[in-house]
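I opened the model to look up charge pairs, the nonpolar core and surface patches. My entries follow in the order I made them.

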Amino acid sequence: MKNKSKVENLNNSISLFIGVRNMLADNVKDLDEFSDSIDELYNDIERLERLNTPEYQLNQLKQKYDIKARTYNQLFDAHQHNLITLWKLSRYILKQFKHFSEDEIKEYKLNDIQNSIKEQSDKIKPKFIDLLKYDIKHIKD
């Protein structure tokens, strides 16, 4: 019964990890599209400046650009924090593997999953300074 509980907990953690990882992959696509939209708006502003467009029209576009740029920066910051959260989740999952013996890992065929999580964890490992900023921000909250 204890083994079943360990496996269920691990399975739930892995399912959460996969869900969060997929959500972050979607966020990357959205951020990329948002970035393209900001670049297009910037190019439009430059083009209109060369055409001596009235200042009030340029100011409206510049305000729209500023709003989009600030929003993008906030979304990117949230994405970075979510990556750190995903990394912490991966570390938690890897600790869960320590509750299994080598025989259990082979019996449940968890080697590939463990290696995959370890590999992904290494890829998204944040820089030490980013991790400190993240921890300090969450202490404040």
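**Salt bridges**

I began with K6, which forms a salt bridge with E104, the closest N and O atoms being 3.1 Å apart. My criterion is a side-chain nitrogen of Lys or Arg within 4 Å of a carboxyl oxygen of Asp or Glu. K6 lies in helix α1 and E104 in helix α3 (residues 102-107), so the pair ties together parts that are 98 residues apart in sequence. Helices here are DSSP runs (H or I, at least four residues), numbered from the N terminus.

I noted that this is a predicted model, where local features need pLDDT of at least 70 and side-chain atom pairs count only at pLDDT 80 or more, while totals for chains, interfaces and linings use all residues. Residues are numbered from 1 along each chain as its sequence is written, and side-chain values use heavy atoms, with hydrogens and water left out.

I then checked burial, with buried meaning under 20% relative accessible area, exposed over 50%, and partly exposed in between (1.4 Å probe, protein chains only). K6 counts as buried at 18% relative accessibility, and E104 counts as buried at 12%.

How many salt bridges does the rule give? The count comes to six.

I looked up R47 next: R47 forms a salt bridge with D44, with 3.7 Å between the closest N and O atoms. Both residues lie in helix α1, three residues apart, about one turn of the helix. R47 is partly exposed at 39%, and D44 is partly exposed at 31%.

K62 forms a salt bridge with E49, with 3.1 Å between the closest N and O atoms. This pair links distant parts of the chain, K62 in helix α2 and E49 in helix α1, 13 residues apart. K62 is partly exposed at 29%, as is E49 at 35%.

**Core**

I define a nonpolar core as buried Ala, Val, Leu, Ile, Met, Phe, Trp, Tyr and Cys residues joined through side-chain atoms within 4.5 Å. The largest one has 13 residues, of which L10, F17, I93, F97 and L110 touch the most other members. Helices α1 (2-50) and α2 each supply at least two residues of this core. The largest share, five residues, comes from α2.

**Surface patch**

Which residues make the nonpolar surface patch of about 410 Å²? I listed F128, I129, L132 and I136. Patch residues have over 30% relative accessible area and no salt bridge, and nonpolar side chains (Val, Leu, Ile, Met, Phe, Trp, Tyr) are joined within 5 Å. Areas come from the Shrake-Rupley method with a 1.4 Å probe. L132 lies in helix α5 (residues 128-140) and counts as partly exposed at 35% relative accessibility.

Note on methods
Patches are made of residues with over 30% relative accessible area and no salt bridge: like charges are joined within 9 Å, nonpolar side chains (Val, Leu, Ile, Met, Phe, Trp, Tyr) within 5 Å.
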